[in-house]
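Dear colleague,

Please find below the sequence and structure that I am handing over to you. My account of what was found follows directly after them.

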Amino acid sequence: PAVALVLAAADLDQLKVSRVGLNASVLLHVDDAALADMSANYITAVTVAINSTGFVTDSIAPVLQAFEFDANAGLLTLSFSEPVLAASFNILDLTLQGASLSIVSDASVLPALNHSLLSNYVDGSVLVVVINTTDLNTIKANTLACKTINNTFITITAGLVTDMTGNAVAVVYPGQQARRYTSDSTRPQLLGFDLDMTAGRLRLSFDETVHVSTLHRNLLTLVNSLAGGDGVNQLILSP
């Protein structure tokens, strides 16, 4: 006689993350109140753990179930069907784009996120990528991708990550749309400026990518002193 248990998804995930269920060395303890026979006699407690008489290794590839893109905080959240090994994560096997590859143009396929890293390297079903400022500015500069939920898609290759047993993630192609999108709502800030009187150029540096067509030159004023009063000269640029 045997009893077969269907493990709860949370228990199965914890077995993988804790590495208890990764190989045949798994052992079992049983409390004496865990089960009774047909005459209501409780089982004899198994106080000395016993070895399994059969073990089948996990052979199912993890699947990217959903992803979320936060353009304001610069976060990319990846949700998988099971715990994955954070140390195996390779950002270069992930591509953000403006549509499914079956209809996308080359201009809407963003470069690899070369400078971005995971927020932490803790194994689990959810990984969060902190998008580096350089990568985020590249994304913001592209008007064809990652501007709304309607043009935020992802593709991944098998090298992106593995599960706890080493099974490579299932490929996402031609593209999967974001489940959630958060727009950039933070005002850009001027970090500094350079004035070249020989070349006749004023260079403005910002903390994020700005839309040059929105520039109003006549709202820029150059002054020769921070102090007010007489002797202070200023120039409001012409439109």
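**Findings**

Ser100 is buried, because its relative accessible area is 14%, and buried means under 20%. Please bear in mind throughout that this is a predicted model. Ser100 is placed in the loop between strands E5 and E6. If neighbours within four places in sequence are set aside, Ser100 is in contact with Phe153, Pro174 and Gly175.

His115 lies in the loop between strand E5 (94-97) and E6. Is His115 buried, exposed or partly exposed? The relative accessibility of His115 is 46%, so this residue counts as partly exposed. Once neighbours within four places in sequence are left aside, His115 is in contact with Asn132, Thr134 and Asp135. Between His115 and Leu92 there are 9.8 Å in space, C-alpha to C-alpha, and the two are 23 residues apart in sequence.

Strand E6 leads on to the sheet. Five strands form an open sheet in the order E6-E7-E4-E3-E10, and their pairing is mixed. Strand E6 (117-118) and strand E10 (180-182) stand at the edges; each has a single partner strand, so one side of each is left without a neighbour in the sheet.

Within this sheet, strand E4 (residues 75-84) pairs with strand E7 (residues 124-130) in the antiparallel sense, over 6 bridges. For Val84, the bridge partner in E7 is Gly124. Helix H1 (residues 9-17) lies across E4 and E7, and runs at about 95 degrees to E4.

Finally, I turn to the protein as a whole. How many helices and strands does the protein have? There are 2 helices and 14 strands. The radius of gyration is 28 Å, well over the 18 Å that the globule rule gives for 239 residues, so the protein is more spread out than a compact globule. Taken along the principal axes, the C-alpha atoms fill a box of roughly 100 × 45 × 30 Å.

Of the 239 residues in the protein, 29% are buried. The protein exposes about 15,200 Å², and carbon and sulfur atoms supply 57% of that area. Among contacts with a separation of 6 or more, 57% are accounted for by residues 24 or more positions apart.

Yours sincerely,

A colleague

Terms used:
Residues are numbered from 1 along each chain as its sequence is written. This is a predicted model: local features need pLDDT of at least 70, side-chain atom pairs count only at pLDDT 80 or more; totals for chains, interfaces and linings use all residues. Side-chain values use heavy atoms; hydrogens and water are left out. Two strands pair if DSSP finds at least two bridges between them. Helices (H or I, at least four residues) and strands (E, at least two) are DSSP runs, numbered from the N terminus. Contact means heavy atoms within 4.5 Å. Axes are lines fitted to C-alpha atoms, for helices over the stretch in contact, and angles run from 0 to 180 degrees between N-to-C directions. The radius of gyration is taken over C-alpha atoms; the globule rule is 2.2 Å times the number of residues to the power 0.38. Buried means under 20% relative accessible area, exposed over 50%, partly exposed in between (1.4 Å probe, protein chains only). Accessible areas come from the Shrake-Rupley method with a 1.4 Å probe; for residues, only the protein chains shown count as cover.
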